[in-house]
Amino acid sequence: MAGRMTGADNTGGTATGAGGGNPLGMVALIVLAGLIMLPARAVAAGRTEEEPAAKTRLVYGISGDPDTLDPHATTGTLTFQTMRSVYDTLVEPDQEGAIVPALASSWDVSDDGLRWVFELRRGVTFHDGQEFTSRDVQASLERLRDPDFASPSAHEFSVLHEVITHGPWRIELVLAEPHAPLLATLASGWAAILPADKIARGHDFGAEPVGTGPFRFQRWLRDSEILLSRNDSYWIEGAPILEEVQFRVITEQAVMAQALARGRIDVADIVVEPELSFLRNTDAVKLYESTSALVMVLAINTRRAPLDRLEVRQGINAAIDKQATLDIAYAGGEVSGTFMDVSNPYYEDFTHLYSHDPDFARDVAEKTSFDRDLVIVLPQNFEPHVRAGELYHEMLRRAGFPVRTQLVDWSTWISDVYRGGQFDLTVIGHTGKLDPHGRLARYGTAETYVGWEDEETAGAIDEARRTLDPGKRRDLYRVALERMARELPFVFVGSPYRYVGLNAALEGFFMDSQLDTPDLRRVRFPSH
């Protein structure tokens, strides 16, 4: 779904922060001053940071640093947001959400759904000059399935029985059983195609990515910037238009907004209040608004007592004012009652099952024996999640739950919380997927970070994966989503509205709401 643009509304009053006066405060200006003095950012392409950004260079502010630049090795959104410009996939979603050809120019499917034959695009080269062929597709898919590599996305490719090359321009995927989500999986960032020769040599794609995408990787200064340059040999005629893209890490929302307003950056990846009101009234900025495919959650580690008891999870859920959290931490949104974004065609409304009920929450807290504080782990580089965590802390404390918060960096959150299950409660947003299976896969089994096991849910999700009939799939997903809504492995908070701040002169920007990644191939600054 395409977003819409809004500019400054000069009829409104001036936005102010909580303390009045300057809306973002002197602290933001001081931090911003330090930001633009950093050596790594002070000089770029022969110019100082005090000069206006060149018309062919996009400076894109991101809220944190990726844990890796290898799309096969992570589930982190920041990797896919930055590496979508470096890698291509066999197929991709267009701006309406339909899956269309990319590195594959066409495909055919057997009547039983077990054989998929892809004709590959000719004349495509990797950034190191190697020609793209079926060997690269085969090597990439085998890498994703390799248990020694242990990709976190391996389960999405486990249905592949065999990957067969038929000459350099044709690849056949033989499935062990029908798998409805296959095209959606192949269109997602974790199915990026990497060069076979570099895979064989054990190249470090996590630090030096090499793809066929519209931009080439130049450098990554951790916690500072990722610099890309135009791929002049890109297979789409006339794309990309920009010469360079610099992803700049700015973890403070106030600093990000001031940098955008002052022309230091051209894109602010996330905008929430109070920065949203400030930027709405800034002539140099326009806002890209879209319906988010995120599901914001307070995740519950059901492996740990007393969180393994449904009544305790119900009490925690009852303590949380979801709409207030969306409005205060995430600049608004719609409450959801299950693990699907509200704009998704598979969404089912189960918000009637539970309500915000502080009295019930207090009763549960009083009856529950706690031998320790419940720790809410917060990814510190995502300021909206930190704000939400502070709200949850206060709501739970008022209900009588013993809680405290702990801040960790993004890499630690991925390794210790998401992969290691070392948490009681944590705050995160689950990004959208092109098919429901991408979000729901493995839930109901012990293989997810919340550790919630439910045979009925796991069975419905797996059967839906193998079912090609859309109506039957919907019925099966409804079973799974209702079970999750009732059993509460998460507090399902809702889907926020998505606001991206843009330089008012920028044209051609598109954010894929399902995958939460920007397409920068048509971005341009108009000539003057």
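This is a predicted model: local features need pLDDT of at least 70, side-chain atom pairs count only at pLDDT 80 or more; totals for chains, interfaces and linings use all residues.

Biologist: Which element gives the largest share of the lining of the largest cavity?

Modeller: That lining has 23 residues, and Arg84, Tyr87, Thr89, Ala187 and Gly189 lie nearest the centre of the cavity. The elements that supply two or more residues are helix H3 (77-83), strand E5 (91-93) and E23. The largest share, 3 residues, comes from E23.

Biologist: And what is the volume of the largest cavity?

Modeller: The structure holds 2 cavities of 30 Å³ or more. For the largest cavity, the volume is about 290 Å³.

Biologist: Now the pockets. How do the residues lining the second largest pocket divide into nonpolar, polar and charged?

Modeller: The second largest pocket has a volume of about 380 Å³. Its lining is made of 20 residues, with Gly97, Pro345, Lys433, Leu434 and Gln514 nearest the centre. By class, the lining divides into 7 nonpolar, 7 polar and 6 charged.

Biologist: On to packing. Which residues have the most contacts inside the largest nonpolar core?

Modeller: That core has 105 residues. Its largest share, 6 residues, comes from helix H16 (residues 470-487). Those with the most contacts inside the core are Leu58, Phe339, Phe490 and Phe509.

Biologist: Take Phe339, then: which residues does phenylalanine 339 touch, leaving out those up to four places away in sequence?

Modeller: Among them are Val295, Val297, Leu440 and Tyr443, along with His430 and Arg439.

Biologist: Is valine 523 buried or exposed?

Modeller: Valine 523 sits in the segment after strand E23 (517-519). Beyond four places in sequence, valine 523 touches Leu58, Ile241, Leu242, Leu506, Glu507, Gly508 and Phe509. Because its relative accessibility is 0%, valine 523 counts as buried.

Biologist: What separates the C-alpha atoms of valine 523 and phenylalanine 510?

Modeller: Along the chain, the two are 13 residues apart. Between their C-alpha atoms the separation is 8.3 Å.

Biologist: How many residues does the second, separate core have?

Modeller: Ile376, Leu391, Ala399 and Phe401 are included in it. This second core has 32 residues.

Biologist: What is the relative accessible area of phenylalanine 401?

Modeller: Phenylalanine 401 is in the loop between helix H12 (383-399) and strand E19 (403-408). Its contacts outside four places in sequence are Val312, Gly315, Ile316, Ala361, Val364, Ala365, Phe370 and Leu396. The cut-off for buried is under 20%, so phenylalanine 401 is buried, at a relative accessible area of 2%.

Biologist: Last one, helix H4: what covers its buried residues?

Modeller: Helix H4 (residues 134-145) has 12 residues and reaches 17 Å from first C-alpha to last, close to the 16 Å expected. Its buried residues are Ser134, Asp136, Val137, Ala139, Ser140, Leu141, Arg143 and Leu144. What covers them includes strand E8 (115-120), strand E9 (160-165), strand E10 (170-175), helix H5 (182-186) and helix H6 (196-200).

Terms used
Residues are numbered from 1 along each chain as its sequence is written. Side-chain values use heavy atoms; hydrogens and water are left out. A nonpolar core is a set of buried Ala, Val, Leu, Ile, Met, Phe, Trp, Tyr and Cys residues joined through side-chain atoms within 4.5 Å. Buried means under 20% relative accessible area, exposed over 50%, partly exposed in between (1.4 Å probe, protein chains only). Helices (H or I, at least four residues) and strands (E, at least two) are DSSP runs, numbered from the N terminus. Contact means heavy atoms within 4.5 Å. On a 1 Å grid over the protein atoms alone, a cavity is a set of points where a 1.4 Å probe fits but cannot get out, and a pocket is an open set with protein on both sides within 12 Å along at least five of seven lines; lining residues have an atom within 4 Å of a point. Grid points are joined across faces, edges and corners, and a volume is the space filled by probe spheres set on the points. Ala, Val, Leu, Ile, Met, Phe, Trp, Tyr, Cys and Pro count as nonpolar, Asp, Glu, Lys and Arg as charged, and the others, Gly among them, as polar. The expected span of a helix is 1.5 Å times one less than its number of residues.
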